Amino acid sequence: MAPVPASVAKQAELLRMDGNTYFKKDRIGAAIDAYTEAIALCPNVAVYWTNRALCYRKREEWARVEEDCRRAIAIDSGSVKAHYMLGLALLEKQECTSGIKELEKALDLGRGANPQGYMVEEIWLVLAKAKYNEWKQSSSERLQRLQNLRDTCEKALKQHNLLSVSEAGDSSNDNIDDCSKQFEYLSEVFHKAALADRPSQISGT
């Protein structure tokens with residue numbers, strides 16, 4: 001790409017500043033127009049794309065947030081804001097694993113650039129919530145499979161005990177006690193398995 005003339009780059013910067021002013025006044029449409037003009041003049045400046053993405057985020061136009069953030073990352077892979085907002089957009093699309101990956105990247109970059117910056121805490125909070133939601137979803141699915149397995153085991157155990165009693169012709173209290181102990185043990189095994197499925201400490205690393 002040919003270098004942009006200094007006069008053009010200066011005009012793009014003025015448009016960015018106009019966009020910032022509009023954004024602060026909550027004139028989102030005007031801000032988008034200003035950033036779009038800046039992009040048209042200097043498409044290789046990542047901040048113009050992330051600023052416009054921030055406007056689209058405000059409007060919850062997540063497909064456009066994703067598009068602009070990907071363009072920004074292609075220009076500057078170290079853009080904290082681009083990775084962060086891309087992560088948010090992917091979470092909105094229910095692409096949790098990819099969204100978490102982008103949030104983790106944003107957190108790592110943010111900690112490297114400014115460990116005490118407000119964005120680091122904000123990103124960490126969103127990441128923690130995303131990881132918890134991902135765990136909750138997968139945990140629910142695992143617990144359902146565990147319950148299905150327990151039902152199958154209990155059914156098989158009942159059939160086994162009925163068959164044993166029928167073959168032995170013995171329904172004494174000892175056999176009943178053995179059967180009860182087997183069910184208690186089975187219940188204990190599945191209870192422990194369910195308890196083991198708890199979230200570990202959520203880390204941003």
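Glutamate 37 lies in helix 2, where helices (H or I, at least four residues) and strands (E, at least two) are DSSP runs numbered from the N terminus. The model is predicted, so that local features need pLDDT of at least 70 and side-chain atom pairs count only at pLDDT 80 or more, while totals for chains, interfaces and linings use all residues. Residues are numbered from 1 along each chain as its sequence is written, and side-chain values use heavy atoms, with hydrogens and water left out.

Glutamate 37 has a relative accessible area of 45% and is therefore partly exposed, a class between buried (under 20%) and exposed (over 50%), with a 1.4 Å probe and protein chains only. In sequence, glutamate 37 and alanine 12 are 25 residues apart, yet their C-alpha atoms are separated by 7.3 Å in space.

The chain comprises 8 helices and 0 strands. Of its 205 residues, 31% are buried.

The largest nonpolar core, with 38 residues, is a set of buried Ala, Val, Leu, Ile, Met, Phe, Trp, Tyr and Cys residues joined through side-chain atoms within 4.5 Å. Helix 1 (6-24), helix 2 (28-41), helix 3 (46-58), helix 4 (62-75), helix 5 (80-92), helix 6 (96-113) and helix 7 (118-168) each supply at least two residues of this core. Helix 5 gives the most, with 9 residues. Isoleucine 123 touches Val80, Tyr84, Leu103, Ala106 and Leu107, when residues up to four places away in sequence are not counted.

How values were computed:
Contact means heavy atoms within 4.5 Å.
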